Amino acid sequence: MRRKGNGGALPIWMLHSFMFTWFTFSALAEDPELGSSRVVFQTNYGDIEFGFYPTVAPQTVNHIFKLVRLGCYNTNHFFRVDKGFVAQVADVVGGRTAPMNEEQRVEAEKKVVGEFSDVKHVRGILSMGRYSDPNSAQSSFSMLLGDAPHLDGQYAIFGKVTKGDETLRKLEELPTRREGIFVMVFLHGTNYRLFQPTERITIVSSYYYDTKTETCEEEKSVLKRRLSASAVEIERQRMRCFP
């Protein structure tokens with residue numbers, strides 16, 4: 001005889017616990033926390049600012065941030081713009097117009113282990129380019145111009161654009177040409193025609209800053225103004241009450 005009841009359903013408290021855990025991990029996977037460092041690429045079409053996900057891809061973040069600090073991306077360019085898909089930064093070795101010094105070249109030629117995660121490829125995400133070897137990423141990376149779920153889990157996401165979407169939209173509207181057959185920098189194991197901008201999109205210069213430091217400086221400035229105003233008020237009251 002079949003027993004009547006809940007049919008083996010989970011108790012309510014267990015169901016709630018499971019749902020809470022699922023939502024928590026989903027939120028972490030889809031929206032990781034940005035670190036405090038920011039990088040700004042100043043291009044001939046406008047500025048693009050981005051931040052890093054140090055808890056998602058720590059080795060990749062350290063590598064890219066060091067390249068920035070060494071000035072490796074200065075005079076480099078976006079060699080590919082596929083509207084609605086990606087704007088891809090060239091490898092700095094060969095992509096720059098300025099010569100590289102030895103320290104820059106050594107860092108730029110390093111390969112980074114593939115730090116694949118559950119973070120989704122959506123507009124604004126930064127994702128490393130690589131060849132068929134999952135550990136072949138160096139300095140080329142893409143800024144996503146749309147959602148690309150077919151890339152999820154195959155390419156290392158290490159940050160996202162925080163300011164400058166209007167610049168990315170300008171880049172999307174630039175004329176491009178299909179340039180030969182380009183094998184795998186973003187589509188694993190696939191041959192495709194490269195959408196190359198007809199005019200060079202140059203990263204004229206770059207700089208970086210820390211949002212925590214900037215915030216502290218602003219707070220110190222406000223505090224100094226308040227202290228100065230308080231000192232003036234105290235002196236005014238002293239002169240009035242104790243002439």
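Predicted model: local features only at pLDDT ≥ 70, side-chain atom pairs only at ≥ 80, totals over all residues.
1. An α-helix has 3.6 residues a turn, so residues three or four places apart point the same way. After helix 2 comes glycine 71, with a positive phi near 80°.

2. The chain has an average pLDDT of 83, with 70% of the residues scoring at least 70. Over residues 15-29, however, pLDDT is below 50, and this stretch has three contacts in the model beyond near neighbours in sequence. Residues 181-191 also stay under 50, but for them the model has 43 contacts beyond four places in sequence.

3. Alanine 108 belongs to helix 4, residues 102-108. With a relative accessibility of 2%, alanine 108 counts as buried, because the cut-off for that class is under 20%. Apart from neighbours within four places in sequence, alanine 108 is in contact with Leu67, Val92, Val93, Met100 and Gln138. Isoleucine 64 is 44 residues from alanine 108 in sequence, yet the two C-alpha atoms are 8.9 Å apart.

4. Glutamine 138 sits in the loop between strand 5 and strand 6 (141-144). A polar atom of its side chain lies 2.9 Å from the backbone oxygen of glutamate 109. Beyond four places in sequence, glutamine 138 touches His63, Ile64 and Leu67, as well as Ala108, Glu109, Lys110 and Lys111; Asp91, Met128 and Gly129 are also among the residues touched.

5. Where is it placed? The residue lies in the loop between helix 4 and strand 5 (125-128). Glutamate 115 is buried yet has no salt bridge, and the nearest side chain of opposite charge, that of arginine 130, is 12 Å away. Its side chain does make a polar contact of 2.7 Å with the side chain of threonine 60. Beyond four places in sequence, glutamate 115 touches Val56, Ala57, Pro58, Gln59, Thr60, Ala156 and Ile157.

6. How many salt bridges does a search of the whole structure find? The search finds nine. One of them pairs arginine 38 with glutamate 49, with the closest N and O atoms 4.0 Å apart. Arginine 38 is in strand 1 (residues 37-43) and glutamate 49 in strand 2 (residues 46-52), so this pair ties together parts that are eleven residues apart in sequence. Arginine 38 and glutamate 49 are both buried.

7. Aspartate 82 meets arginine 80 at 2.8 Å, N to O, and both residues are buried. Lysine 83 pairs with glutamate 173 at 3.0 Å between the closest N and O atoms. Lysine 83 and glutamate 173 are both exposed. Salt bridges with shared partners also join Arg123, Asp165, Arg169 and Glu172 into one network.

How values were computed: Residues numbered from 1 in each chain as written. Heavy atoms only, no water. Helix = DSSP H or I, 4+ residues; strand = E, 2+ residues; numbered from the N terminus. Buried < 20%, exposed > 50% of the residue type's maximum accessible area, 1.4 Å probe, protein only. Contact = heavy atoms within 4.5 Å. Lys, Arg positive; Asp, Glu negative; His and termini not counted. Polar contact = N/O pair within 3.5 Å; in protein donor to acceptor, adjacent residues only side chain to side chain. pLDDT = per-residue confidence, 0-100.
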